[in-house]
Amino acid sequence: MNATINLEKKHFPVLLDELVSIISPLYGGTFIDCTFGQGGYSKKILENKKNNIIALDRDKDVHKYSSSLKIKYKDRFKFYNIKFSQLEKIKFKNNNLKAIIFDLGYSISQIKNSQKGLSFLDKGKLNMKMGINQFSAHDVISNMDENNLTKVFKIFGEERYSKKISREIVKKREDNIIKTEDLVKIIDSVKKYQKSKIHNSTKVFQALRILVNKEISELINALIISFNLIPVGGIIAVITFHSIEDKIVKFFFKHYSEERNSSRYIPEAESSEKYFKLTHKKPILPSSSEIIKNPPSRSAKLRYGIKINQNCNFNDFRDKFKYLTDVEELI
Ligand SMILES: C[S@@+](CC[C@H](N)C(=O)[O-])C[C@H]1O[C@@H](n2cnc3c(N)ncnc32)[C@H](O)[C@@H]1O
């Protein structure tokens, strides 16, 4: 789900105090906010005059928030409308980089923007593009074949009724364009006897959002780029909202913080290397008072690692999640 939604429509950056205590902005330095949104984290970090922020967001609509920070903080704040997998495009000077942070998912203003069609409560043409996309949910639902639709719903949505839903979509699209409300009706008709605590459309919509925004390859590429960018001693911190994201982030930190043999020619005891130090083995979760104030924060998980070594080869990370990135390539 989402980092900043809440029932009162007010913006609450999720796990803000916990994040700030990890990245220690009190000592000064440069921080990269990879998911600027409404700027909740950036604002907090900029309160200290010794800090600089490099912020990115793929959604150009966040300009209204980024331009007010630019006016207030001038050269201490830079904003780029790019995807976080394009982080390498930014030219970094000697900038005392301390931490790179990710708050994945969607902001309240994106969900409320019915033109983006991120919610199953919206009406009209399917979209789901967060910004800088190659195709929309309308393209997927109108063109993807039944088998591939089934794979997308099953793997990205863990939807039990993937096959039946895909079959119905392919049947219905022969006569009519499937709009958001039609997709919801199709899913309801397939799942009419299913009793569930979540809305019938939640899983299919999650799957489509992941595909349209290529969220898996975005995350994997950005984590690797971040590792290469951050100096030893720097921190990478990630807040996730669904189990697929968390599986990827957990593996990244855990796998590369375990002892590994750097060379098959050197005895293990002399050559084992770790790339991250983890001070928390378990994810950091929102407190019960935060969940009461902002209920959707209940699915948030914060994981982070401190880089302790250079030049890691991430082939096994990419291999481990190839079954997911392959699904993103189906269209
Ligand atoms: C949950 S919001 C972040 C909220 C922010 N922490 C705050 O306090 O306002 C996530 C933001 O990340 C952006 N985003 C998601 N995926 C991205 C990507 N691959 N590259 C750049 N921005 C991305 C979204 O457009 C959205 O604005």
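In which hand does H6 pass H7? The crossing is right-handed, the near helix being turned clockwise from the far one by less than a right angle.

## Model and numbering

This is a predicted model in which local features need pLDDT of at least 70, side-chain atom pairs count only at pLDDT 80 or more, and totals for chains, interfaces and linings use all residues. Residues are numbered from 1 along each chain as its sequence is written.

## H6 and H7

Helices are DSSP runs (H or I, at least four residues) numbered from the N terminus. Helix H6 spans residues 146–157 and helix H7 residues 162–172; their axes come within 8 Å and cross at roughly 135°. Axes are lines fitted to C-alpha atoms over the stretch in contact, and angles run from 0 to 180 degrees between N-to-C directions.

From H6, the contact (C-beta atoms, placed from the backbone, within 7 Å) takes in Glu 146, Leu 149, Thr 150, Phe 153 and Lys 154. H7 supplies Ser 162, Lys 163, Ile 165, Ser 166, Arg 167, Ile 169 and Val 170. By class, five residues are nonpolar, three polar and four charged. Ala, Val, Leu, Ile, Met, Phe, Trp, Tyr, Cys and Pro count as nonpolar, Asp, Glu, Lys and Arg as charged, and the others, Gly among them, as polar.

## H7 and H8

The axes of H7 and helix H8 (residues 180–190) come within 9 Å and cross at roughly 135°, so H7 is oblique to H8. Their crossing is right-handed.

Lys 164, Ile 165, Glu 168, Ile 169 and Lys 172 of H7 meet Asp 182, Ile 186, Ile 187, Ser 189 and Val 190 of H8. This contact has five nonpolar, one polar and four charged residues.

Technical notes: Helices (H or I, at least four residues) and strands (E, at least two) are DSSP runs, numbered from the N terminus. Two residues are in contact if their C-beta atoms, placed from the backbone, lie within 7 Å. Angles under 35 degrees count as roughly parallel, over 145 as roughly antiparallel, 65 to 115 as roughly perpendicular and the rest as oblique.
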